[in-house]
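The following exercises are to be worked through with the sequence and the model at hand. Each task is followed by a solution in steps.

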Amino acid sequence: MRENSTFQNFINGEWVSTERHFRNVNPVDGSLIGLVHEAGSSEVDAAVKAARAALSGPWGRFSVQERVELLYAIADGINRRFDDFLAAEIADTGKPQSLASHLDIPRGAANFKIFADVIKNAPTESFEMATPNGGKALNYAIRVPKGVVGVICPWNLPLLLMTWKVGPALACGNAVIVKPSEETPGTATLLGEVMNEVGVPPGVYNVVHGFGPGSAGEYLTTHREVNAITFTGETRTGEAIMKAAANGTRPVSFELGGKNAAIVFADCDFDKAIEGVTRSAFANSGQVCLGTERVYVQRPIFDKFVTALKVKAESMKPGNPYDKEVNFGPLISQEHQQKVLSYYARAQADGATVIAGGGVPQFDGKLAEGSWVQPTIWTGLPETSAVIQEEIFGPCCHIAPFDTEEEVVGLANASEYGLCTSVWTSNIGTAHRLAASIEVGLCWINSWFLRDLRTPFGGSKASGIGREGGVHSLEFYTELRNICIQL
Ligand code: NAD
């Protein structure tokens, strides 16, 4: 319940308060949204027990069709309270209303319907075999839920990325315990209200609030009765969670960090490439795992590209998220602002030419207390610079020239990460060759963040483990059981 702007834990369909609280702060102006009740190990344990009980209660006996109908009701429940979800997401993140109302909330609701449709239509295999005694046997597979699934979420697209996991988990008949980011407790909490409103059985959806180490995140991931862990966040956090999951050999699905390259060939549709890279570098203030922080532009159009992207960066409009013309929000927190600004300083120390931004936008009044940074573009850095090697997760990119296809493939792949790339070219041969050569989970050609939710989503190298989306989500959220019948 969020009464008086407190954020309680949601366990077994009930609101649970605790003695320990932490502050939820609005990054637009540093104001206090409310206090969050931090779950300790006993609350996490209660949530695990509630989830386990739900699996052996009515929820465990729901037919696929009953689950499908309930998932549709959850989606409709979110849409009925669209404005509440929008306000909660904007308060927690400061992102412009224009973005949250088109992306975060609609997709948050749609994720339940999409995975309801997937599970309704998912076939399993069947094989007939000859047996040594001259008879026959029939094999068929069924999908059973993994059980209790721990869902650890980041703050950049809170509702969207949380439901991207909760949707398929519930579609497959699991019970979940969500640990939202400490920065963005709002929409996960609000979803608890919707779950009760539409009649989701107690214990199927639980929310525990808190941090990582020494808090709810660690208690949840180390809990032996959590059967599987799905996580979106930083690669380093993924390493810690993987160690926790080793205890009990529990499976993980990881969507991790990126240091994504955009590759712009001289034969591209220039205006479309500029539009695309503007979005991929600066949307959500660069706090998108799929965002572009490295741009490689073929030499004949390099100067023209840098000049055009500078104009775009300097025309971004930061400010109050509810103002119609505002298209640029703050960073999530002052801590993250300090991290991003440390890279801004590092770029200058490493000899970058600052093409745009590089600092903090100036505001009068309350917004001066927010965690803002300017959209920033650099050129001239060596590829060895930390600014080019490490994920910054801010509204910034470095632009470097290249000459040949072979050279740019080498540059793009010289990263520990491998989440996504976007290639801008009008040559179909170049497009196919690049798509096959860049070591990523997702490759966009002449586009970015264009998502068909039936397709596999995830990263290679240090950007993830496994794929979610469409039927691929079933691989993680169900266990396939083969049944062999001697006929
Ligand atoms: P984060 O790793 O700091 O935190 C994510 C979550 O993990 C939070 O809920 C946090 O409390 C929890 N956590 C932290 N330490 C933990 C521990 N030891 N045990 C259990 N839980 C722990 O990430 P963030 O800063 O919230 O999000 C930004 C990161 O997420 C970026 O690296 C970004 O690239 C990545 N991301 C990836 C994708 C993707 O699909 N690949 C999508 C969005 C964000």
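**Exercise 1.** Determine how many residues of helix 6 are buried, and describe the course of this helix in the predicted model.

*Solution.* Step 1: A residue counts as buried under 20% relative accessible area.
Step 1: Helix 6 comprises residues 158–171 and reaches 20 Å from its first C-alpha to its last, close to the 20 Å expected at 1.5 Å a residue.
Step 2: At tryptophan 164 the helix bends by about 25 degrees, and proline 168 follows within four residues.
Step 3: Just after helix 6, glycine 173 adopts a positive phi of about 90 degrees.

**Exercise 2.** Classify lysine 317 as buried, partly exposed or exposed, and locate its contacts.

*Solution.* Step 1: Lysine 317 lies in the loop between helix 11 (302–314) and helix 12 (334–349).
Step 1: Its relative accessibility is 37%, so lysine 317 counts as partly exposed; the limits for this class are 20% and 50%.
Step 2: Apart from neighbours within four places in sequence, lysine 317 is in contact with Glu325, Val326, Asn327 and Phe328.

**Exercise 3.** Identify the surroundings of the ligand.

*Solution.* Step 1: The ligand is surrounded by 32 residues, of which the closest are Lys179, Glu182, Thr237, Leu256 and Glu391.
Step 1: A polar side-chain atom of tryptophan 155 lies 2.9 Å from a ligand oxygen atom. A polar backbone atom of glutamate 234 is 2.9 Å from an oxygen atom of the ligand.
Step 2: Taken alone, the ligand exposes 850 Å², and the protein buries 91% of that.

Notes. Residues numbered from 1 in each chain as written. Predicted model: local features only at pLDDT ≥ 70, side-chain atom pairs only at ≥ 80, totals over all residues. Heavy atoms only, no water. Helix = DSSP H or I, 4+ residues; strand = E, 2+ residues; numbered from the N terminus. Buried < 20%, exposed > 50% of the residue type's maximum accessible area, 1.4 Å probe, protein only. Contact = heavy atoms within 4.5 Å. Expected span 1.5 Å × (residues − 1). Bend = angle between axes of the 7 residues up to and from the residue. Near = heavy atom within 4 Å. Polar contact = N/O pair within 3.5 Å; in protein donor to acceptor, adjacent residues only side chain to side chain. Areas by Shrake-Rupley, 256 points an atom, 1.4 Å probe, with all protein chains shown as cover.
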